[in-house]
Amino acid sequence: GQAPLIREDAPLPWPAAVRIVAQTCTALGAVHRAGFLHREVSPANLIVSATAPGPGPWPADVEEVLRTFGSVPPVHTQQGEITSPWTYLAGFHLALPRPSGNAPESEVGWAGIPRYMAPEAFKGTVDERSDLYSLGVTLYHLVTGHTPFDASDTGELIAKVLRKEPAAPRVHRPNLPEAVE
């Protein structure tokens with residue numbers, strides 16, 4: 001079998017990580033415009049593929065995502081070139097409708113992968129910003145090979161996420177350009 005592109009402890013070249021996350025931003029924007037919160041953005045839910053999506057018809061938001069992805073150059077990894085401009089956002093089993101009306105946030109029980117969850121998600125309140133926080137943690141992981149907080153159990157992790165500042169990415173990867181950090 002082929003080794004996964006995104007491994008638990010191995011950072012990607014930063015241009016590839018940034019490209020993957022930029023593509024995911026586009027997809028996440030389409031999810032939010034369609035009226036949903038993803039709630040589980042993480043490397044485990046990103047699929048990098050050489051295969052373009054099949055023929056439409058697609059909803060307008062999906063068409064926008066496909067047009068954007070089609071213009072992205074190939075991703076390069078330490079294992080060689082991946083001839084793939086396509087990053088798919090998967091894992092919608094925890095998705096919820098976005099709050100309607102003037103309600104800025106959804107009050108829900110927390111769910112997701114704790115290492116990628118926004119602080120407010122542990123309190124059971126989520127909105128689009130929660131997904132963006134998770135995407136930021138995903139970028140951190142892709143460029144450093146680490147998530148911002150290590151902990152021996154979920155309680156310790158939650159305490160760190162709620163009370164501590166993460167280490168700068170260059171602590172884990174000193175050669176990372178300051179602009180990426």
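Analyst: The secondary structure of the protein comes to 6 helices and 8 strands, where helices (H or I, at least four residues) and strands (E, at least two) are DSSP runs, numbered from the N terminus. This is a predicted model, in which local features need pLDDT of at least 70 and side-chain atom pairs count only at pLDDT 80 or more, while totals for chains, interfaces and linings use all residues. Residues are numbered from 1 along each chain as its sequence is written, and side-chain values use heavy atoms, with hydrogens and water left out.

User: What is the mean pLDDT of the protein, and where is confidence lowest and highest?

Analyst: On pLDDT, the predictor's confidence in each residue from 0 to 100, the protein has a mean of 77, and 68% of its residues reach 70 or more. Confidence is lowest in strand β3 (residues 75–77), with a mean of 45, and highest in helix α6 (residues 169–172), at 96. Over residues 65–78 the pLDDT is below 50, although this stretch has 40 contacts in the model beyond near neighbours in sequence, a contact being heavy atoms within 4.5 Å.

User: Why is H38 called buried?

Analyst: Buried means under 20% relative accessible area, exposed over 50%, and partly exposed in between (1.4 Å probe, protein chains only). The relative accessible area of H38 is 0%, so H38 counts as buried. Its place is in the loop between β1 (36–37) and β2 (46–49), and, not counting residues up to four places away in sequence, H38 touches residues including L28, V31, L89, F92 and D131.

User: Which residues touch the most other members of the largest nonpolar core?

Analyst: A nonpolar core is a set of buried Ala, Val, Leu, Ile, Met, Phe, Trp, Tyr and Cys residues joined through side-chain atoms within 4.5 Å. Of the 15 residues in the largest one, L89 and L142 touch the most other members. The elements that give two or more residues to this core are α1 (14–33) and α4 (128–144), and α1 gives the most, with 6 residues.

User: Why is the pair of D127 and R129 called a salt bridge?

Analyst: A salt bridge is a side-chain nitrogen of Lys or Arg within 4 Å of a carboxyl oxygen of Asp or Glu. The closest N and O atoms of D127 and R129 are 2.4 Å apart, so the pair meets that limit. D127 is buried, with a relative accessible area of 5%, whereas R129 is exposed, at 53%.

User: How do you know that R170 and E181 form a salt bridge, and which parts does the pair tie together?

Analyst: Their closest N and O atoms are 3.3 Å apart, and therefore within 4 Å. R170 lies in helix α6 and E181 in the segment after α6, so the pair ties together parts that are 11 residues apart in sequence. R170, at 31% relative accessible area, is partly exposed, and E181 is partly exposed at 35%.
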